[in-house]
Amino acid sequence: MAAPAPDPADASPHAFPDGGTWRTEIPSCEGPEAVATVLREAASLDVPVHRISQGSGVWMLTDAEITEMAGACAERHIELCLFTGPRGTWDVGAATRSGSGGGGLRARGHDAVAGCVEDALRATRLGVRCLLVADEGVLWVLHRLRARGELPADTTLKVSALIGPVNPAAYSVYERLGADSLNIPSDLTLQHLTEIRRLSAAPMDFYLEAPDDLGGYVRMYEAAELIRRGAPLYLKFGLSKAPGIYPYGAHLRDVTLETARERVRRGRLALDLLARLGADGGMSPLGSRLPGELQRFPLPERN
C-alpha cells in the first residue's frame, strides 16, 4: 500500500537567504585535534560541512587553540561555533544536581553573565564568528553588544539544545532576543516543527541522532521530512551510546577523536539515505553561514 502524499500545508515556507533549505553541523569537536580529525574524515567520506561546534566552552581553550581551530575552519569556509562561559551545571549551586535540575545550564548571577561576555569578546577577537549560548539573559546581552558594534556585526548566536524551546511562542521569543539559530529537543514531533514554522523563520538546529543526555533519539529515516517541515534547518550529526566529554581535556583524547570520526560517518549515512529517497537537493552552498533577516525586540536606548 502506498503511503499518502505529503500535505503541502505542512511544508515550511522558509529557506536560508542563499535559497537552501538545509545545512550540516558536526557537534562536540573539542579542540584543534578534533577539528582536524573531522576535516580529514569529511574529506575522506565526502561529507559537506557547514558548521563545526564545540561544547566545553571558550574558557577551556587557550588563545593558540582557538586561533588554530578558527584558522582551520576558515580555510575551508566552515563556521566554527564555540560555547560561551560559565554554566549552572558546573557551578557550586546544588539545585542543578537535584531531581528538578534547578536552573540547568543558565548563568547563575552577574559574574557568570560577565564570564560569558568575556568569552564572547575573546573568541571574536581571535576570529570566531559563532557563539553558543545557554541562557536567555546572556543571549540578549550579546545581541545588544553586537548591535552596538562591540561584537562583530556578522557574529551569529546559537541557542543550546539544553535550553531549546519546545513551542512556537518560546521559539519566537528566543529569535527576538537575538538568536540566529536554535537547537530544539530531538523529541519534538513533526507537527511541532510545522507549528514553529508558522510563527518563525529563524534557522533550526536538529540532532538527527541525539547524545544520550538529550534522549539518544535516532531519527535518520525522518531526515527528509524534518527538512521539509523544519527548513531552514541544520542537520546535526550527534552520537548516541557515547560517553560524555564535557569539559574536555587530554585525559579524554582517544574517545573524543574516535567519536569525532564516527559523527562524520553518521553524516555520510544520513546523506546517503537522503540520496536514496531522492531528497538530497536543496542543500545550502558550502561556505554559507548567515541566517537572513530575523525578528528582534526593539533595543533599549543607551543612557
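## Helix α1 and its cover

The buried residues of α1 are covered by elements including β1, β2 (51-53), α2 (63-75) and α8 (253-276), where contact means heavy atoms within 4.5 Å. Pro32, Ala34, Val35, Thr37, Val38, Leu39 and Ala42 are the buried residues named in α1; buried means under 20% relative accessible area (1.4 Å probe, protein chains only). Helices (H or I, at least four residues) and strands (E, at least two) are DSSP runs, numbered from the N terminus.

Helix α1 covers residues 32-45, and its end C-alpha atoms are 20 Å apart, which agrees with the 20 Å that its 14 residues should span at 1.5 Å a residue. That expected span is 1.5 Å times one less than the number of residues. After α1 comes Asp46, with a positive phi near 55 degrees.

## Basis of the model

This is a predicted model, in which local features need pLDDT of at least 70, side-chain atom pairs count only at pLDDT 80 or more, and totals for chains, interfaces and linings use all residues. Residues are numbered from 1 along each chain as its sequence is written, and side-chain values use heavy atoms, with hydrogens and water left out.

## The barrel

In the order β1-β2-β3-β4-β5-β6-β7-β8, 8 strands close into a barrel with parallel pairing; two strands pair if DSSP finds at least two bridges between them. Strands β1 (residues 22-26) and β8 (residues 233-237) are joined in parallel by 4 bridges, and Glu25 has Lys236 in β8 as its bridge partner.

## Strand β4

Cys130 and Leu132 on one side of β4, and Leu131 and Val133 on the other, are all buried. Strand β3 (residues 79-83) runs parallel to β4, joined by 3 bridges, with Leu82 opposite Leu131.

Note on methods: Buried < 20%, exposed > 50% of the residue type's maximum accessible area, 1.4 Å probe, protein only.
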